[in-house]
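Welcome! Let's take a friendly walk through this structure, one stop at a time.

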Amino acid sequence: MSAPRAAAAPPWWVRDDLGYVDGRLHLAGCDVAGAYDEAGGPLFLYSAARVAANLARLKAALAQTGRTGRVYYAMKCNRFEPLLARLRGQCGLDICSPNEMDRALGSGFAARDISFTGTGVSDRDLDRLLAQPDLHINCDTVGMIRRIGERAPGRAIGVRVNPARGVGYSERLIYAGADVTKFGIYREQWGAALEAARAHGLTIRTLHFHVGCGWLDPQLASWEAAIAEGLSFLDDLPDATTVNIGGGLGLPQTATDAPLDLGRWAAVLKRRLAGRDVTLAVEPGDYIVKDAGLLVLEATDVEVKRDVEFVQVNGGFNLHPEPAHYDRPCEPIACVPSTFDERAWRPVTVSGNINEALDVWARSHRMPPMAGGDRIAFLNTGGYGASMSSNHCMRGDLTERLLG
């Protein structure tokens, strides 16, 4: 008699609030396929409990730095109003447009709990932002410093700098590196920035920099080098009380990714901020909401074209652009697998319903045998999905739901 086969290890993404119950995928106690049936079309599900856990974990790590810290959730990542309402009182908000400011205020956040950092800021934008005297504004260009000084001389501001070092999950997600980017003020323009602030009596209270998105442990050394370079600008800011290191903390997106070691992350900050009398601010988006969300779609056709089996679904990159535009995976999983025996699974290409060559969710991805009508959930879609969605091909219909 052959020995019994060992039970298969659970998928890499399974956790307390996400996994299969009686053969059906559940998130935060919700039957995912059933929720899709209720919505009747593309559906984003968000776990409030996972958002809270992610935020608590980050706050605990900030405490390890030994200094006062503040979290500003990056609202551009997910601006679903029930989610913002849940975050009120738990953190501040990072915004990058006047319309985001209006939504933040409408969701109950006080202006003093909102930090603005944006690019391409027009005079009209500035007039709307400056109408809130308690709003914190980080200036991205020398010209922006001058224009604020002309409108509100004597105001306290922040300045975003570019340390010319960066790191990200992919090359497309590096904000400050060898290539010159639009973000922040470089060392070469630093003198002009300081002079513009002095000329209008502006007090620079915050030093801000953000170097890239999605980095994990293997990139921490490069990230530390960027932090060190960014902090060097503090030497010229005697009135600075806060350093805002931006966001960008990554989380696992494939089976080979390990979770970011927040202990190591905090140790870097403690080491690099030693001797500097400043508070610490951080602006996470993905780290708070990305793995708290699923996008649920329906298979429309399963068909072999030449030697490739395509599983086509009723939603494309217009609903979540990261796989197509940023090379960031949103792994597809079956909501009700036809079999859990991975020996019967086969490689498929999962493609969307947008009439563009880029509209592919995953290639050569192993899944159980699929059929039209099957429900598929895409992992790590809680951030930069609905907030970046469009009506391309007039296929922009979607539903969002906060669980818990």
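Start with C335, which counts as buried, since its relative accessibility is 1%. Keep in mind that you are looking at a predicted model. C335 takes part in no disulfide, and the nearest cysteine sulfur, that of C30, lies 10 Å away. Now turn to C96, a partly exposed residue with a relative accessible area of 31%.

Next, the helices. Look for helix 8, residues 220–231, and helix 9, residues 262–273, whose axes come within 10 Å and cross at roughly 25°. Angles under 35 degrees count as roughly parallel, and therefore helix 8 and helix 9 are roughly parallel to each other. Their crossing is right-handed. On the helix 8 side, the residues that meet helix 9 include W223, E224 and I227, while those on the helix 9 side include R264, W265 and V268. Sorted by class, the residues of this contact are nine nonpolar and four charged, with no polar ones.

A second pair to find is helix 6, residues 142–151, and helix 7, residues 187–199. Their axes come within 9 Å and cross at roughly 5°, which means that helix 6 is roughly parallel to helix 7. Here V142, I145 and R146 of helix 6 meet Q189, A192, A193, A196 and A197 of helix 7. This contact of helix 6 with helix 7 has six nonpolar residues, one polar and one charged.

Methods:
Residues are numbered from 1 along each chain as its sequence is written. This is a predicted model: local features need pLDDT of at least 70, side-chain atom pairs count only at pLDDT 80 or more; totals for chains, interfaces and linings use all residues. Side-chain values use heavy atoms; hydrogens and water are left out. Axes are lines fitted to C-alpha atoms, for helices over the stretch in contact, and angles run from 0 to 180 degrees between N-to-C directions. Helices (H or I, at least four residues) and strands (E, at least two) are DSSP runs, numbered from the N terminus. Angles under 35 degrees count as roughly parallel, over 145 as roughly antiparallel, 65 to 115 as roughly perpendicular and the rest as oblique. Contact means heavy atoms within 4.5 Å. Ala, Val, Leu, Ile, Met, Phe, Trp, Tyr, Cys and Pro count as nonpolar, Asp, Glu, Lys and Arg as charged, and the others, Gly among them, as polar. Buried means under 20% relative accessible area, exposed over 50%, partly exposed in between (1.4 Å probe, protein chains only). A disulfide is a pair of cysteine sulfur atoms within 2.5 Å. A crossing is left-handed if the near helix is turned anticlockwise from the far one by less than a right angle, and right-handed if clockwise.
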